Amino acid sequence: DLAITYLTLSYGAFFVVSVLKKSYDLKQRKIALKDAEILKQNNVLEQNSLELSKQNELLQKMNASQNRLFSIIAHDLRSPLTSSKAIVELVYQKNMPIEQLQEVVPEMYRNLNYTLSLVDNLLFWAKSQFGDTFTQLEKIELNPYLENQISDLEIIATNKSILFQTGLDATRDVSIQFDRQILEITLRNIISNAVKFSPNSSSILIQTIISPENLKISVIDSGIGISPENLDNIAKGIVFSSKGTNYEKGTGLGLNLCQTLLKRCNSSLSVESIEKQGTTVSIVIPTEMLY
């Protein structure tokens, strides 16, 4: 009887311990799964936190850029207009000899041309922010169009004795389906920037290249180039401004506007640059938009 009782108690104890161990192991597995899930959630939260921090930093930079942009605009719109107004007043009051007027007319023209360009950029930029720009695609004979635009812009290069060179053989008899005004604004901004950052008595090449994938209208200068930091700002759409080789001012709005407008034509802007060697800015148009 004692042996049977001992065996029974031993079996009962073993059974109880087995049940308790299984229960303990199950709880440990559940705890391990919960720990793994918590660790996974923590990793996701940490990743989201880093992403949020990056977005917040980018937003702060963009806000700072916009604040700086509007302060520059307020000054840049007034300054050339005030200068031109003073000249007009002198002429109106007949206090300026004709010889002196002929000397200041080129500077007055540059001021007005800069102001008009800035106003155009501002209007298109404001419309693009509110989704108000409409794309009107039409057939454009490319080389005659480019030659006319280059001819119109040559006057902005005369003050620095910069020569425009062209290499348009690739697009002879080629037409594109594009928005005429968007192409004009983009070309004007790119070429104006090339003049701004090129040294006196240098040259700027405007050329076209066609590959199986796209057409590139490239403006190539041998100017001061763009720093890696500013290339990154261009890619991110952050507005910034730099003075030209003759301390020309600017708002930095041009390239940002060009990127926004070209997207509406299923195209893009490519910027390649090496500091102190030069910059190549290209309008990249898909070949399906060519005739």
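Is N266 buried or exposed? At 52% relative accessibility, N266 counts as exposed, where exposed means over 50% relative accessible area, buried under 20% and partly exposed in between (1.4 Å probe, protein chains only). The structure is a predicted model, in which local features need pLDDT of at least 70, side-chain atom pairs count only at pLDDT 80 or more, and totals for chains, interfaces and linings use all residues. Residues are numbered from 1 along each chain as its sequence is written, and side-chain values use heavy atoms, with hydrogens and water left out.

**Overall architecture**

- The protein chain has seven helices and seven strands; helices (H or I, at least four residues) and strands (E, at least two) are DSSP runs, numbered from the N terminus.
- From the N terminus on, the order of these elements is α-α-β-α-α-β-β-α-β-β-α-α-β-β.
- Of the 291 residues in the protein chain, 35% count as buried.
- Among contacts in the protein chain with a separation of 6 or more, 75% come from residues 24 or more positions apart; contact means heavy atoms within 4.5 Å.

**The largest nonpolar core**

- This core has 42 residues; a nonpolar core is a set of buried Ala, Val, Leu, Ile, Met, Phe, Trp, Tyr and Cys residues joined through side-chain atoms within 4.5 Å.
- Two or more core residues are given by each of α3 (142-153), α4 (155-158), β3 (175-179), α5 (180-196), β4 (203-210), β5 (214-221), α7 (253-263) and β7 (278-286).
- Helix α5 supplies eight residues, the largest share of this core.
- The residues with the most contacts inside the core are F164, I176, F178, L183, I217, I283 and I285.
- Leaving aside neighbours within four places in sequence, F164 is in contact with I150, L153, E154, A157, I191, V195, I204 and I206.

**I285 in strand β7**

- I285 belongs to strand β7 and is buried, at 0% relative accessibility.
- Not counting residues up to four places away in sequence, I285 touches I176, F178, N214, L215, I217, S267 and L290.
- The C-alpha atoms of I285 and I210 are separated by 9.5 Å, although these residues are 75 residues apart along the chain.

**Helix α6**

- Helix α6 (residues 228-236) has N230, N233 and I234 as its buried residues.
- Seen down the axis of α6, these buried residues fall within an arc of 100°, so they line one face of the helix; the arc is that of the directions from the helix axis to the C-beta atoms.
- In general, an α-helix has 3.6 residues a turn, so residues three or four places apart point the same way.
- The exposed residues P228, E229 and A235 are carried on the face of α6 turned away from its buried side.

**Polar and aromatic features**

- N189, in helix α5, is buried with a relative accessible area of 8%.
- A polar atom of the N189 side chain lies 2.8 Å from the backbone oxygen of I185.
- K139 lies over the face of Y291, at 5.0 Å from the ring centre; a charge sits over a ring if NZ of Lys or CZ of Arg is within 6 Å of the ring centre and within 35 degrees of the ring normal.

**N266 and its surroundings**

- N266 is found in the loop between α7 and β6 (268-274).
- Apart from neighbours within four places in sequence, N266 is in contact with P286, E288 and M289.
- The C-alpha atoms of N266 and V284, 18 residues apart along the chain, are separated by 9.2 Å.

Definitions and conventions: Polar contact = N/O pair within 3.5 Å; in protein donor to acceptor, adjacent residues only side chain to side chain.
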